[in-house]
Amino acid sequence: PPAPSSAAGAEAARQAKREGLTLATSSSSSSGYRNVIFKPKERGHKKYELRVGSGGKQNFLGLFATAEEAALARARHLRDTAVRLLEPPLQQAPPQGAAGPSEDSSYEEEDGFDPADIAAAVSL
């Protein structure tokens with residue numbers, strides 16, 4: 001990997017190591033890291049842009065002060081995406097009433113009508 005550009009860059013590289021992440025390098029990138037673009041004309045101190053492709057589109061993920069911070073954000077994004085894809089889908093409960101009312105529930109119409117109200121009114 002390229003030498004860190006600053007103390008903040010070195011810290012981002014150390015943090016990646018602590019998290020077990022790899023900062024993907026690229027010889028064709030102006031920053032030295034994959035999907036990280038150096039934008040010297042960008043205003044402010046955040047001159048490293050991170051874009052990641054998905055579904056044929058480029059998604060902007062942010063501007064960063066150092067190339068290493070952007071590369072760390074990319075590694076985290078890829079890890080989090082992989083985790084979401086590998087998680088089993090949540091089991092959805094059947095729609096309410098699809099299996100019929102349970103024994104301990106009372107019958108009530110959607111408009112708030114309750115048969116017990118009629119019994120109370122008739123006994124008056």
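Rings of Phe, Tyr and Trp (its six-membered ring) count as a pair if their centres lie within 6.5 Å; planes under 30 degrees apart are called stacked, over 60 edge-to-face, and the rest tilted. The model above is predicted, so local features need pLDDT of at least 70 and side-chain atom pairs pLDDT 80 or more, while totals for chains, interfaces and linings use all residues. Residues are numbered from 1 along each chain as its sequence is written, and side-chain values use heavy atoms, with hydrogens and water left out.

**Exercise 1. Find the aromatic pair, and work out which parts of the chain it ties together.**

Step 1. The structure holds 1 aromatic pair. F38 and Y48 form this pair, with 5.0 Å from centre to centre and 40 degrees between the planes, and it is classed as tilted.

Step 2. Now place the two residues on the chain. Helices (H or I, at least four residues) and strands (E, at least two) are DSSP runs, numbered from the N terminus. F38 belongs to strand β1 (residues 36–38) and Y48 to strand β2 (residues 48–54), so the pair ties together parts 10 residues apart in sequence.

Step 3. Check how covered each partner is. Buried means under 20% relative accessible area, exposed over 50%, and partly exposed in between (1.4 Å probe, protein chains only). F38, at 31%, is partly exposed, whereas Y48, at 15%, is buried.

**Exercise 2. Describe the overall layout of the chain.**

Step 1. Count the elements: the chain has 3 helices and 3 strands. Along the sequence they follow the pattern α-β-β-β-α-α.

Step 2. Turn to burial and surface. Of the 124 residues of the chain, 22% count as buried. The accessible surface (Shrake-Rupley method, 1.4 Å probe; for residues, only the protein chains shown count as cover) comes to about 9300 Å², and 54% of that belongs to carbon and sulfur atoms.

Step 3. Look at contacts, which are heavy atoms within 4.5 Å. Among those between residues at least 6 apart in sequence, 37% join residues at least 24 apart.

**Exercise 3. Which members of the largest nonpolar core touch the most other members, and which element supplies the largest share?**

Step 1. Start from the rule: a nonpolar core is a set of buried Ala, Val, Leu, Ile, Met, Phe, Trp, Tyr and Cys residues joined through side-chain atoms within 4.5 Å.

Step 2. The largest core has 15 residues, and L23, Y33, V36, L50, A70 and L72 touch the most other members. At least two residues come from each of α1, β2 and α2 (67–86). The largest share, 5 residues, is from α2.

Step 3. Setting aside neighbours within four places in sequence, L50 contacts residues including N35, V36, F60, L61, A70 and A73.

Step 4. N35 sits in the loop between α1 (7–18) and β1. Although not a glycine, N35 has a positive phi of about 65 degrees. With 27% relative accessibility, N35 is partly exposed.

**Exercise 4. Where is S6 found, and what does the side chain of S6 reach?**

Step 1. S6 is in the segment before α1, and is partly exposed at 31% relative accessible area.

Step 2. The S6 side chain reaches the backbone nitrogen of A8 at 3.3 Å.

Step 3. Finally, compare positions: S6 and A67 are 61 residues apart along the chain, and their C-alpha atoms are separated by 9.6 Å.

Note on methods:
A polar contact is a pair of N or O atoms within 3.5 Å; within protein, one must be able to donate a hydrogen and the other to accept it, and residues adjacent in sequence count only if both atoms are side-chain atoms.
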